[in-house]
Amino acid sequence: MNDRAFIAAQDFFLSAKTFWSTTMYRALRDSHSEEGCETVADVANALEESTLYQVFAWFERHLQRMKYAGRYGLVPFHKERRLDLLSRLASEDSECANNSLTLPAYYTGVDIHQHPGGVWSDDLGGFVYERGARTTTPLAGAAEKDVHERFTDLVLGKGEPKKILDMGCGFGKSTQPFVRRLPDSSVDAVDLSMPCLRLASHMARESQATNVRFRQMDACNTEFEADSFDLVTSTMVLHELPLKTIEDLLDEAFRVLAPGGRMVHLDFYCLPDAFRRFIHYGHARRNNEPYMQPLAESDLSGLVCSKGFVDVEVVPFQESERVDLDANDAWRFPWTIISAAKPKSPVI
Ligand SMILES: C[S@@+](CC[C@H](N)C(=O)[O-])C[C@H]1O[C@@H](n2cnc3c(N)ncnc32)[C@H](O)[C@@H]1O
């Protein structure tokens, strides 16, 4: 497949997805009467059999499938360029790998995002994920700050941490803004996926960053010393974890944070009504994200408080300047900030 055919096809998938997330979403919303529909089950009863909903659901499932695995998909495109791509990562191998780590079953058991083999099983996984992630917020304007920059703005608005840990950093998209904007701070970033970590290290080397280290570790059980970070972050990680694993991650964040340190996560949680909850749960099924619904149904602030954190806040996050949080005029993820602090002195 030549580059031109691939780019044209991916542009088409993105345009079709934009049509789906605006015109089709609004038609579905307008076809739905909220009267008597207070729960997700009520909305399901009202909508699931409708042709419009079924077409909407088909588009969502199959556009994502075409994007990753179809004839012009991300996976076949990168496979055809395997040797060239992997030669760029040749020197990144030994530094961050942890050969004694066993990947957890929740992680290897599902092709998350409909990415065949996930981000961990093929050496090309980081490249495929990087390319796919360029359209995470399709409604944002090209000239706008992206979601990770906006998240970093929000976090750094409350102070400049010296030691930062990014949990579940992927190929480093969430880590880079901190690395770039805090050259005198040190940033550690961990993930389970070696293909992503190799790409993250490569990109950091290319940008000549010296204040970051990427390592293969389970965010729930890192090798860092207790009380050693001022800030622990994650972006788009919690919804990929079963609830028990989220608890383990929160425990680990609490352990490695210094007293008075802060934890800030960006994830998908605040759903203002039953219609949007129904759409979100459908998205979880259609995108192979089995832990998304249990997270959305959990008492997240209660969970964070139960781990000993204080100043707990769980609030909607505006991922793009163009989004009006109250409008419900397009499909979007329920972006949410989950932030909390470790008490300055132990609670007795
Ligand atoms: C959706 S990606 C987000 C990546 C990055 N934070 C970003 O915003 O671009 C979720 C990441 O979490 C990682 N992950 C899942 N479970 C993990 C765990 N227990 N420890 C560390 N990383 C984990 C996955 O490998 C994946 O790279």
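At what angle do the axes of helix α1 (residues 3-31) and helix α3 (residues 51-69) cross? In this predicted model, local features require pLDDT of at least 70 and side-chain atom pairs count only at pLDDT 80 or more, whereas totals for chains, interfaces and linings use all residues. Residues are numbered from 1 along each chain as its sequence is written, and side-chain values use heavy atoms, with hydrogens and water left out.

The axes of α1 and α3 cross at roughly 160° and come within 10 Å; axes are lines fitted to C-alpha atoms, for helices over the stretch in contact, with angles running from 0 to 180 degrees between N-to-C directions. Helices are DSSP runs (H or I, at least four residues), numbered from the N terminus. The two helices are therefore roughly antiparallel (angles over 145 degrees). The crossing of α1 and α3 is left-handed, meaning that the near helix is turned anticlockwise from the far one by less than a right angle, clockwise being right-handed. Residues in contact (heavy atoms within 4.5 Å) include Phe13, Lys17, Trp20 and Tyr25 of α1 and Tyr53, Phe56 and Phe59 of α3.

Helix α3 also packs against helix α13 (residues 274-286), at an angle of about 45° and with the axes 10 Å apart. On the α3 side, Tyr53, Phe56, Ala57, Glu60 and Arg61 meet Phe278, Ile279, Gly282, His283, Arg285 and Arg286 of α13.

Tyr53, Phe56 and Phe278 also belong to one aromatic cluster, whose members include Trp20, Tyr25, Trp331, Phe333 and Trp335. Aromatic pairs are rings of Phe, Tyr and Trp (its six-membered ring) with centres within 6.5 Å, classed as stacked under 30 degrees, edge-to-face over 60 and tilted for the rest; the count comes to 19. The rings of Phe12 and Phe13 are edge-to-face, with centres 6.1 Å apart and planes at 65°. Phe12 is exposed at 53% relative accessible area, whereas Phe13 is buried at 10% (buried under 20%, exposed over 50%, partly exposed in between; 1.4 Å probe, protein chains only). Phe333 and Trp335 likewise form an edge-to-face pair, with centres 5.8 Å apart and planes at 80°. Phe333 is buried at 12% relative accessibility, and Trp335 is buried at 2%.

Lys17 lies over the face of Trp331, at 5.9 Å from the ring centre (NZ of Lys or CZ of Arg within 6 Å of the centre and within 35 degrees of the ring normal). Lys342 lies over the face of Phe254, at 4.9 Å.

How values were computed. Parallel < 35°, antiparallel > 145°, perpendicular 65-115°, else oblique.
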